[in-house]
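Biologist: I would like to learn how to read packing and backbone features in a model. Could we go through some together?

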Amino acid sequence: PAQGRTLKRHAPRESSNYVYTIDIVGTCNLRCPTCPVGNMPMGNRTRGFMALEMFESILGKIAGECPDKSPDIWLFNWGEPLLHPQLPGFIKAANRLGMPTYLSSNLNIKRGIDALIATNPTDLKISLSGISDETYAQTHERGKIDVVIANMRKIRRSLDRHGANTHVWVGHHIYRHNQHELESMAELCRELGFGHHPIPAFFQPLEKLVQIAEGETLQEPVLDLLIEHPADYIKRFRDVRDERFDCELRFNQTIINHDGSVALCCSVYSSGNQLGVQFLDHDHQALTEKKYAHSFCETCYQHGLQYAPRKIHNVRPSIRSA
């Protein structure tokens with residue numbers, strides 16, 4: 001109703017459950033050039049840690065109104081969750097309500113790993129972009145790969161010590177300069193019993209992708225390291241995105257910042273693309289209506305940047321050979 005049109009919905013790709021992305025830390029210790037924390041000014045955004053009491057209130061509200069009986073609780077968006085000194089308490093709070101917890105970390109931290117693993121979070125993704133200082137430092141700025149690898153080994157020991165069944169995997173961001181290290185990281189993951197998922201690195205936030213789509217040339221050196229420049233894949237997306245379908249980042253996620261405010265989606269960063277309301281003050285339907293009424297969604301759709309299926313052409317029934 002907010003848009004005056006009907007949209008089809010599809011099976012979500014990020015999760016089969018409804019997702020609450022709760023950025024419990026409003027900052028990060030690294031300055032990766034493909035991330036808005038590293039490539040955009042803070043503007044009116046604030047740094048800080050979410051209070052555990054606020055988180056517990058948020059979970060209570062989710063339990064009472066979520067359209068899904070078992071929503072996913074993602075404890076990250078642009079921030080580094082392992083910086084939070086009370087992180088184990090957040091996991092325990094979700095555990096008490098039977099809500100699965102998901103973490104993504106650059107793993108450049110010095111303490112807290114054993115206490116975290118003891119709480120048995122559902123899923124832990126380790127985000128990295130190399131296995132040597134030469135490659136890693138270029139795209140995980142301020143990070144130290146030797147710290148990451150040492151912490152990966154600590155996680156393995158903690159998993160064994162506590163009998164935790166946390167699914168641990170490496171999201172290996174692939175650039176032009178680090179492709180030769182793929183097998184070395186895969187071997188380390190096999191040794192530790194972790195999943196290894198090579199992922200072509202992509203540039204964020206959405207606001208900068210819109211700038212590129214509108215013909216602006218960004219002076220971002222990291223763009224030359226990407227396997228494919230955003231200007232190329234944006235054009236391809238625009239040609240094949242099916243505008244009849246709803247965007248998954250809108251219909252299957254709610255994004256909550258560390259101060260309890262709500263963002264339009266997980267891909268935006270600027271102050272203008274926050275909803276300007278507190279999660280605890282509005283019910284699920286009201287927040288949904290605010291997302292669908294936001295003008296930036298229309299801009300996103302115009303450039304084919306929505307997270308929705310592509311058009312399918314020339315579909316023919318299969319013929320079983322005799």
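Biologist: Where is the place of Val240?

Modeller: Val240 sits in helix H9; helices (H or I, at least four residues) and strands (E, at least two) are DSSP runs, numbered from the N terminus. This is a predicted model, where local features need pLDDT of at least 70, side-chain atom pairs count only at pLDDT 80 or more, and totals for chains, interfaces and linings use all residues. Residues are numbered from 1 along each chain as its sequence is written, and side-chain values use heavy atoms, with hydrogens and water left out.

Biologist: Is Val240 buried, partly exposed or exposed?

Modeller: Buried means under 20% relative accessible area, exposed over 50%, and partly exposed in between (1.4 Å probe, protein chains only). With a relative accessible area of 23%, Val240 is partly exposed.

Biologist: Which residues does Val240 touch, not counting those up to four places away in sequence?

Modeller: Contact means heavy atoms within 4.5 Å. Leaving out residues up to four places away in sequence, Val240 touches Arg310 and Lys311. Also, 7.9 Å separates the C-alpha atoms of Val240 and Gly304, which are 64 residues apart along the chain.

Biologist: Which residues of helix H9 are buried?

Modeller: In H9, which covers residues 230–240, the buried ones are Pro230, Tyr233, Ile234 and Phe237. Viewed down the helix axis, the buried residues of H9 fall within an arc of 105°, so they line one face of the helix. That arc is taken from the directions from the helix axis to the C-beta atoms.

Biologist: What do the buried residues of H9 pack against?

Modeller: They pack against helix H8 (206–213). Two packed helices are described by the angle between their axes and the distance between the axes. Axes are lines fitted to C-alpha atoms, for helices over the stretch in contact, and angles run from 0 to 180 degrees between N-to-C directions. The axes of H8 and H9 cross at roughly 85° and come within 9 Å. That makes H8 roughly perpendicular to H9; angles under 35 degrees count as roughly parallel, over 145 as roughly antiparallel, 65 to 115 as roughly perpendicular and the rest as oblique. On the H8 side the contact is made by Leu209, Ile212 and Ala213, and on the H9 side by Pro230, Ala231, Tyr233, Ile234 and Arg238.

Biologist: At what angle do H6 and H7 pack?

Modeller: Helix H6 (residues 145–162) and helix H7 (residues 182–192) pack at about 20°, with their axes 10 Å apart. That makes H6 roughly parallel to H7. From H6, Ile149, Met152, Arg153 and Arg156 meet Met185, Leu188, Glu191 and Leu192 of H7.

Biologist: Now the backbone: what is the phi of Leu107, and where is Leu107 found?

Modeller: Leu107 has a positive phi of about 60°, although it is not a glycine. Leu107 lies in the loop between strand S3 (101–105) and helix H4 (113–118), and Leu107 is buried at a relative accessible area of 0%.

Biologist: And is Arg142 buried or exposed?

Modeller: Arg142 counts as exposed, at 55% relative accessibility. Its phi is near 85°, a positive value in a residue other than glycine, and Arg142 is in the loop between helix H5 (133–139) and H6.

Biologist: Which peptide bond is cis?

Modeller: Look at the bond from Gln204 to Pro205, which is cis with omega near 10°. Pro205 is in the loop between strand S6 (195–200) and H8.
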